[in-house]
Amino acid sequence: MFRNQSYRKNRYLRRFNKLNTKTIAGEKTYEVTSPGQIFLFGEHAVVYGEPALAAAINIRTKARSEANENKRFRVFSERIGRLEGKVKKENGTWKIIDREGDLEELNFVTKAAEITLNYVKKGEGIDLEIESKLPSGSGLGSSSAVTTATIASVSLALEERLNRKEISQLAFDTEVAIQGAASKTGVNVASYGGFLKIERNEMERLRTAPELKIVIGYTGKYGNTGELVRKVKKLKESRPKIIEPIIETIGKCTESGINSLRKSDLQKVGALMNANQNLLEGLQVSSPELRKLIKSARASGALGAKLTGSGGGGCMIALGSGKINKISKAIKDAGGHPIETKIGVEGLRY
Ligand code: MEV
């Protein structure tokens, strides 16, 4: 572990605060931001080739990188933790070795940096600062946002400007390496933003969707995406006749939801969100905390409410018509943390 953590933390903070000014004595620092995401429809079913509709939210993760000459890889994040290691070539591949610090918490960041070093074929040291307002395991795409922001800022620090397609592919490779099965939804939203329909890992941008305001209700509980995806897989294998039609029907909800959104028929979008939630209950990925927040949002006038992301805790979303502060209050009174946010916002800013 670090010998003198508080000294180091202060030194890092001083250093990164200084770096905030962008260019110091010829040194270059690169700051990028990437949005979190919600699923309006189709989580879990998307893993089996059904369509899903995801949207970028106005809660962003920031990454700031600078190359260093001493082959050190250093990450500091007030919220996630810190890590230090050495960049070294082993068997023709750049690796971050001798890691110390918050290895588990920063595994997406470290893997993303390693993948980037190898993609651009430059084994430089990197100082990286992450600012994330998305709690991990909240179902708001925190790992996709942090992975995408890391890849974009590390590659810029290595003087390579990758395009969005390259960044989202590298982010996907990182997610697969860390968590196994994943759809491309999270990484595509983190790169491209807006509203994205995802089907069989192909994406389509919805250009006619209205900009919406929703309320997110955070249960404060961690939901493990990998575990929940495995749980649905097992359920599907053990009871295919029941589970497969549920998955297909979720796909139909997504298709109808997209049509209703295009027509700005929010009553129908809300009703379909409620139907999607019932189907997710059938996949056993909801939780008592989510049910409580969903029930209170509906009782306070939400047009629709459902969990978002992998479930098992994490967040729910509620769609309102007009003023949504009544829904926020109801979510708070039910023990959740409400966040009002715009959806369909800009993707990776770099
Ligand atoms: C997790 O945010 C959403 C899931 O559909 C998994 C995925 O799409 O990778 C459960």
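Visitor: Which way does H4 pass H5, left-handed or right-handed?
Guide: This is a predicted model, with local features needing pLDDT of at least 70, side-chain atom pairs counting only at pLDDT 80 or more, and totals for chains, interfaces and linings using all residues. Residues are numbered from 1 along each chain as its sequence is written, and side-chain values use heavy atoms, leaving out hydrogens and water. Helices here are DSSP runs (H or I, at least four residues), numbered from the N terminus. A crossing is right-handed if the near helix is turned clockwise from the far one by less than a right angle, and for H4 passing H5 the crossing is right-handed.

Visitor: At what angle do H4 and H5 pack?
Guide: Axes are lines fitted to C-alpha atoms over the stretch in contact, with angles from 0 to 180 degrees between N-to-C directions. H4 covers residues 164-179 and H5 residues 185-192. Their axes sit 9 Å apart, and the angle is about 145°.

Visitor: Which residues of H9 and H10 make their contact?
Guide: H9 (residues 288-299) and H10 (residues 325-333) pack with axes 8 Å apart. Contact means heavy atoms within 4.5 Å. H9 brings Leu293, Ser296 and Ala297, and H10 brings Ile327, Ala330 and Ile331.

Visitor: How far is an oxygen atom of the ligand from an N or O atom in the side chain of serine 183?
Guide: Polar contacts are pairs of N or O atoms within 3.5 Å. For the side chain of serine 183, the distance is 2.6 Å.

Key:
Helix = DSSP H or I, 4+ residues; strand = E, 2+ residues; numbered from the N terminus. Polar contact = N/O pair within 3.5 Å; in protein donor to acceptor, adjacent residues only side chain to side chain.
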